[in-house]
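Please read it alongside the sequence and the structure shown here.

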Amino acid sequence: MDQFDFLDANDDPVTGIKLVTAGDDEVPQWRKDLPDLLPIMPLRGVVVFPGTVAPFNVERKASQQLLEDLLPRGRLLGLATQKDAEIDSPHPDDLYHVGVLGVVLRMMRQDENNVIVLIQIVERIRYTDFGQTDPYLKARFEILENQLPEKATEEFEARFLNLKETAIRLVTTNPNIPDEAAQAVNSMDNPVLLTDFLATNLSLDLPQKQQLLEDTDVERRMETVQKIVSNQQHIADLQQKLQQDVESEFTDAQRRAYLREQLRAIQNELGEGDTGEAQADELRERLEAAGLPEEVQTAADRELKRLDIIPPASPEHSVIVSYLETLAELPWSELSEDHYDLDLARDTLDRDHYGLDKVKRRLIEYLAVRKLNPEGRGPILCFLGPPGVGKTSLGQSIADALGREFARISVGGIRDEAEIRGHRRTYIGSMPGRLIQEMRRVGTRNPVIMLDEVDKIGADFRGDPASALLEVLDPRQNHAFVDRYLDVPFDLSQVIFIATANTIDPVPAPLRDRMEIIGIPGYTEEEKLQIAKKYLVKRQLKENGLLVKQCRWSVTALRYLIEYYTREAGVRNLEREIGSVCRGIAAEVARDADHAVKVTPEVVREILGPPRFVREDAIQVSAPGVVNGLAYTTVGGEVLNIEAIRYPGSGKVQLTGQIGDVMKESMQAAWSLVRARAGKLDIDPDDFGKYDVHVHVPAGAIPKDGPSAGIAMFTALASLFSDRRVDKQVAMTGEVTLRGLVLPIGGLKEKALAAERAGIKTVLIPALNEKDVPEIQESARKKLKIIPVKTVDEVLEHALLKS
């Protein structure tokens, strides 16, 4: 029953609580048999009052022992309610010290673990001294007599009649209470009996019921019960009013709305508010704790007011809640503390990356400026280089060195501008852009955010994401970046943005203008060797469950693997090949735990098969018309053999080997320069008309182009027509002009390492590239004789052998 449970005298006494009446003049037998020490049975979660008979399901062993000891000698026991119902073996301090005196009427054992006992509650008592605690509690006690007015006043009589009438009205108003309850209340003329009856059956909290039990002042007890019954009557009236308001045209949707309104009315009456209000209050507290800027706080307050008047069932309600939760979770004022220890930063970069000294130096400079001017607007860095050279991991290392959070956003392939600026809150499912989402995830306003693959951003009818990035990457604008979902400015000025790209050409010029390009050209073979020794081998041994003693890699095996099985600027494929070798060895170790292998070139060839790549070697024999050129590729330097022959003809020149337009022009410039200097080179000018010339650059299936083959072409033609041999130990790189000057080139470091790897002793380079020589590894500089040249005359002087 919703308001109170009632049982009349005909109810089965083992199914509920019933009222017991006794004559006023009759002295009950139990008053004559009061013991000195009364056994106490604790009760869980229930308070009982005098004048009732209540059944109890006794499960605790101590209480069952109490009944077995009691019934042969008497029937009186005390009942005391536990303060905490979870305690299985309560002590005196765990009980309320005001309880009731009960008389056992009947006991029935259902099984050995379950006993049902029927007890008549007769008086309030207070436990004064607990004389026994084991195996069950016993205590001395005193009976608490009800305090009635010495003389029945009109006010007391009126209070009693008002309580009775209110209780009867409550019973008749509430359709869930049987009509017999009103008859029972109407028949009661004893205020003590009426208050205890109502206190027993009203739905009250346990502390409220215990307070009524402890109160012996009948008039005060009547007043307390009157307030409770009146409150219940008021709620019943509200229910009846709401029901009358919605009786007409009552659809299913209206029924749900009515039930929600009914719940809200009850909660408002109890001062608890409804779920929507509680949610709004929670959001308001979270927004206040977030430290919003004034403009953002104004927008949040406006949405909170809308939330108060929009029903929770409305779709717009969830949109506003999501928006306010996003505002509350963004780091408007949270900043992580920066670590500006430059030595630690350098150690972190060296720990995670081998080589890249130029890149690391620039990053240390960047951090030094941030240390001296933390509030300054630093440049937006863009790491430019081929795949697998460690661009993304460099960003992670920077975040680790600074002690900042790191977030990576892959912008490659995105075509929707909303990915950057967010979606407008005009439809369900709208969300902020990727930047705001990542700021919400990392929880600080100054993370390191890496924009990966900015050279692969697309564009279509949904907008141009690259143009949207212009505001994000402009240090003078991003302090007030407005995401369309938020529709309020968010400060991105403390974020360190780092972009990555494989090629710079696809990046729009305005976006390129906002970034400082830091080139990461790729690793040399020597650097790959060190990376493999320090990082890759260890990682693959761990991933494949191998110990170092079971798979020992030799340096020659790593060099062989790098040279003949990989052709890349980075080290991703190198790591895959190392992993393939480790898996092959792991298969043997799985069969025999004592199996151990030293990885040599032969083991690599056995597991991976024949070499996949073959490099061109240096020329083996010094001969006219054959020159060692040097080329730069994205995967490192290469030796480029340039061959020229002549045969009787009419002076035609043929060029083969998939040569690009730039190399063709270099060839034409070299041919013109040789003919112009024929006298100086001891060449008969008539020979140019008697012979056809064929210049070939192996391998023919590989496209070649670039501006650095000019002096090699010139040397091949000059030696061919002057019939002087070219030194096989000399390699060269440089562009040539029609005046015979040697112009600078790029990729000197990679070209020098290729020459050293091929066993060449001397390298001719443009004099203007002499500044780049220190970038060449010291080990290579010691093995090579590097000669800077300014003119083609100096080139021939060092390249041609004496007749």
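**Charged side chains in a predicted model**

Arg-445 is buried, with a relative accessible area of 13%, and its side chain meets that of Asp-491 in a salt bridge (2.9 Å, N to O). The model is predicted, and the count of salt bridges in it comes to 42.

Salt bridges between distant parts of the chain
- Arg-445 sits in the loop between α15 (434–442) and β10 (448–452), while Asp-491 sits in the loop between β12 (489–490) and β13 (496–501), so that this pair links parts of the chain 46 residues apart.
- Asp-491 is partly exposed, at a relative accessible area of 24%.
- Asp-793 and Arg-677 also meet through their side chains in a salt bridge (2.9 Å, N to O), and because Asp-793 lies in helix α27 (residues 792–799) and Arg-677 in the loop between α22 (661–676) and α23 (687–690), the pair ties together parts 116 residues apart in sequence.
- Arg-677 counts as buried at 17% relative accessibility, whereas Asp-793 is partly exposed at 29%.

- Arg-159 and Glu-155 form a salt bridge (3.2 Å, N to O), and they are four residues apart in helix α2 (residues 154–173), about one helical turn.

Negative charge on the surface
- Glu-282, Glu-285, Glu-288 and Asp-301 gather in a surface patch of negative charge, to which helix α8 (residues 275–289) gives the most, with three residues.
- Asp-301 has its place in helix α9 (residues 294–309) and is partly exposed, with a relative accessible area of 33%.

Technical notes: Residues numbered from 1 in each chain as written. Predicted model: local features only at pLDDT ≥ 70, side-chain atom pairs only at ≥ 80, totals over all residues. Heavy atoms only, no water. Patch = residues over 30% accessible without salt bridge, like charges linked within 9 Å, V, L, I, M, F, W, Y side chains within 5 Å. Areas by Shrake-Rupley, 256 points an atom, 1.4 Å probe, with all protein chains shown as cover. Salt bridge = Lys/Arg side-chain N within 4 Å of Asp/Glu carboxyl O. Lys, Arg positive; Asp, Glu negative; His and termini not counted. Charge placed at Lys NZ, Arg CZ, Asp CG, Glu CD. Helix = DSSP H or I, 4+ residues; strand = E, 2+ residues; numbered from the N terminus. Buried < 20%, exposed > 50% of the residue type's maximum accessible area, 1.4 Å probe, protein only.
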